[in-house]
Amino acid sequence: MMGENGQGTHRRFYHDYRGKDVYHITLLKREGVPAFGAFAAGWREAAIQRRPEDVNITLSDTGKAVRDGLFNLTATVREIRLLRYAVMPDHVHLLLQVMKYMDEPLGNHIAQMKAFVNERWAYRLEVISVH
C-alpha cells in the first residue's frame, strides 16, 4: 500500500486509528535535514554486549525539536500516552497508546505534531509506518 508521500505504508484500511490500541510509529527525517543527534562514546561496545541502556545519543537542536514536539503532542492530546520513544540520528521510534476513543485518527495528531516541529524549526519529518 502506498502512502501519500509515495512511500510504503503499513496502515490497514479496515483499522480504526481513533480507537484504543498501542501503536509503534517510525518517523524518518527528510533528506537534507540535519541529523537528530549523534551516538555518544562507547555506543558500539554497549550494543555488541547487548546493553541497550548504555547506548545513548546526544540530541542536536533538530533532535530536541522533535523531542519537544512529542511532549507537546501528549500534553495537548490527553487520549495519547507516550510509552517509549527513541530518537536516532535519522529517524524516531514511538510507542504510543491511545487511551480512549478519539474524535480524529492518530495520523491527524501525528501530522499536528509534525506541524508543531515545522513551525518552530522549519524542518519536515515523513511518516514511514504506522503499526
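Predicted model: local features only at pLDDT ≥ 70, side-chain atom pairs only at ≥ 80, totals over all residues.

Colleague: Which residue forms an aromatic pair with Tyr-85, and how are the planes placed?

Modeller: By the rule for ring pairs, the count comes to two aromatic pairs. In one of them, Phe-71 and Tyr-85 lie 5.8 Å centre to centre with 85° between the planes, an arrangement that is edge-to-face. Because Phe-71 belongs to helix α2 (residues 61-76) and Tyr-85 to strand β4 (residues 80-87), this pair ties together parts that are 14 residues apart in sequence. Phe-71 is itself partly exposed, with a relative accessible area of 40%.

Colleague: What are the distance and the angle between the rings of Tyr-17 and Tyr-23?

Modeller: Their centres are 5.7 Å apart and their planes stand at 40°, so the pair of Tyr-17 and Tyr-23 is tilted. As to burial, Tyr-17 and Tyr-23 are both buried.

Colleague: Where does His-109 lie, and which residues does His-109 touch beyond four places away in sequence?

Modeller: His-109 is found in helix α3, which spans residues 106-121. Leaving aside residues up to four places away in sequence, His-109 touches Leu-73, Val-77, Ile-80, Met-102 and Glu-104. With a relative accessible area of 8%, His-109 is buried, because the cut-off for that class is under 20%.

Terms used. Residues numbered from 1 in each chain as written. Heavy atoms only, no water. Helix = DSSP H or I, 4+ residues; strand = E, 2+ residues; numbered from the N terminus. Buried < 20%, exposed > 50% of the residue type's maximum accessible area, 1.4 Å probe, protein only. Contact = heavy atoms within 4.5 Å. Phe/Tyr/Trp six-rings, centres within 6.5 Å; stacked < 30°, edge-to-face > 60°.
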